[in-house]
Amino acid sequence: MSESVYFLVHANTAPRRLVAVLACSGTGLRKGANSFYLRGGDLRLQAVWLADGRCDAAPPDSPAFEYRSFNAAQRAASRHFCAWLCARHPALGSALDAGAGLPPRIAPTIVATREGDSLAFHHFVQQGELGSLFVRYRDEAMPDAPLAWRHFDSLLASHAPVLAALRPALGDECWYTKWRPDLEMERKFTFQGIPDTWRLLMAFHDAIADGALSDFVPEIDREIQVWDYEQHIFEVLGANAESGYVAYIPQADGRMTVKRKWFIENSEVRRESLWGNLALGMGDIEAHVRTLTPEATRRLPSYRRKRFDAQFESLATGNIFGIYMDVCRTLDDAHAFSQCEVEYCRTRSFGELRGLQPDFDAISGFVGASLTRWGQAHQQDLYSKLDFVREIADAGQAEAEPERRVA
């Protein structure tokens with residue numbers, strides 16, 4: 001079903017007034033109650049509304065609507081569309097001037113979509129090669145008269161206080177919030193053997209990008225990540241509130257990241273803290289761990305963690321989750337295991353945090369069902385990295401005890 005989208009074009013120079021409304025249509029649009037993920041080719045221009053009240057219907061041979069510039073094809077298409085628009089409506093040429101002798105360009109700011117009897121307004125927050133994200137900030141009742149330029153002009157003027165209040169959230173990274181930053185929330189799927197984790201991650205990424213998981217899209221700029229690092233781990237003993245582990249992760253710059261988790265038994269929600277860029281060397285960690293807890297600790301075998309990550313954002317809520325493919329091997333390569341983790345990362349929304357547990361269950365359920373459908377042997381469990389190295393240490397200790405008795 002075709003849907004109406006209104007792309008609001010502002011001047012590129014002060015006072016950055018509204019200069020055009022591009023009335024577009026699209027089918028199969030990726031949008032939810034929280035945000036709108038606009039991909040290249042999603043919209044087709046239907047008409048251009050101007051400040052003088054004119055409504056100019058787009059001719060059948062009008063060029064494809066494009067404003068992105070991440071690759072040569074996008075830049076060429078964006079320039080071509082804007083040049084065509086300015087040639088057809090010369091007054092827009094000066095308003096969209098990019099300066100420095102560059103050709104006019106359209107800068108994304110606000111789009112409005114028709115949602116039943118309402119207009120939903122979304123503010124641009126981020127752009128990637130695959131698409132752009134606009135986060136919903138206000139709903140307005142549809143006017144009684146047919147939509148026209150004057151409605152958008154007056155509604156935007158009334159939005160000024162709302163947009164001013166949102167401005168601090170529009171800076172890079174400032175739009176993110178997180179439920180309980182002191183806790184991690186993750187669900188684990190432990191594999192039988194060591195599968196091709198890169199292939200599995202690509203399969204998840206491609207499926208979700210293609211719409212297999214309703215309301216979720218790849219998080220822009222965090223679609224695919226590769227991590228490869230060592231962890232030197234101490235179990236915190238005592239079976240009390242101090243229990244858990246402390247892990248030391250050497251950084252590429254010679255400094256140290258320290259991660260601590262508190263738990264007596266494995267669970268999906270655990271307390272966690274992370275401290276980065278500490279001036280510690282490997283020779284300092286035995287002493288440093290004693291500053292973190294009064295309880296006894298036990299050093300366990302160190303291991304290398306190779307991880308492939310992809311992160312996905314809910315258009316319904318703004319909640320973001322990672323699908324992490326882990327392979328952990330002891331430094332001597334004698335022991336290894338692999339698992340997939342689904343973890344809550346953060347939330348990007350101009351509204352209240354909501355739907356966290358249903359979203360967590362939905363994406364975790366999708367991961368488990370997909371692994372089963374693909375024939376990938378696994379089990380959903382609570383098996384942790386601490387279990388992995390603790391079992392190795394306990395087995396080594398058990399083997400050493402008969403030798404001591406014989407001696």
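When I sort residues by class, Ala, Val, Leu, Ile, Met, Phe, Trp, Tyr, Cys and Pro count as nonpolar, Asp, Glu, Lys and Arg as charged, and the others, Gly among them, as polar.

A word on the source. This is a predicted model, where local features need pLDDT of at least 70 and side-chain atom pairs count only at pLDDT 80 or more, while totals for chains, interfaces and linings use all residues. Residues are numbered from 1 along each chain as its sequence is written, and side-chain values use heavy atoms, with hydrogens and water left out.

Let's start with the pockets. A pocket here is an open set of points on a 1 Å grid over the protein atoms alone, where a 1.4 Å probe fits, with protein on both sides within 12 Å along at least five of seven lines; lining residues have an atom within 4 Å of a point. Points are joined across faces, edges and corners, and a volume is the space filled by probe spheres set on them.

The largest pocket comes out at about 750 Å³. It is lined by 32 residues, and those closest to its centre are Lys259, Glu272, Leu274, Arg307 and Glu343. How does the lining of the largest pocket divide by class? There are 15 charged residues, eleven nonpolar and six polar. Several strands give at least two residues each to this lining, including strand 13 (225–236), strand 16 (269–278) and strand 20 (336–348). Strands and helices are DSSP runs numbered from the N terminus: E, at least two residues, for strands, and H or I, at least four, for helices.

The second largest pocket has a volume of about 480 Å³. Its lining has 19 residues, with His10, Arg16, Thr109, Ile110 and Leu163 closest to the centre. Helix 3 (149–158) and helix 4 (160–166) are the elements that give two or more residues to it. By class, that lining holds eleven nonpolar, four polar and four charged residues.

Now back to strand 13, which holds Glu235. Is Glu235 buried or exposed? Its relative accessible area is 8%, so Glu235 is buried; the cut-offs are under 20% for buried, over 50% for exposed, and partly exposed in between, with a 1.4 Å probe and protein chains only. The side chain of Glu235 makes a polar contact of 2.6 Å with that of Arg390. By polar contact I mean N or O atoms within 3.5 Å, one able to donate a hydrogen and the other to accept it, and sequence neighbours count only if both atoms are side-chain atoms.

Next, the nonpolar cores: sets of buried Ala, Val, Leu, Ile, Met, Phe, Trp, Tyr and Cys residues joined through side-chain atoms within 4.5 Å. The largest has 29 residues, of which Phe7, Leu22 and Ile106 touch the most other members. Helix 1 (72–88) is one of the elements that supply at least two residues, and its five residues are the largest share. Another core, of 25 residues, lies apart, with Phe191, Cys340, Phe360 and Ile363 among them.

Finally, some backbone details. The Ala14 to Pro15 peptide bond is cis, with omega near 10°, and Pro15 sits in the loop between strand 1 and strand 2. Asn277, in strand 16, is not a glycine but has a positive phi near 60°; at 47% relative accessibility, Asn277 is partly exposed. Asp333 is not a glycine either, and its phi is about 65°. Asp333 lies in the loop between strand 19 (319–330) and strand 20, and is exposed at 57%. Thanks, everyone!
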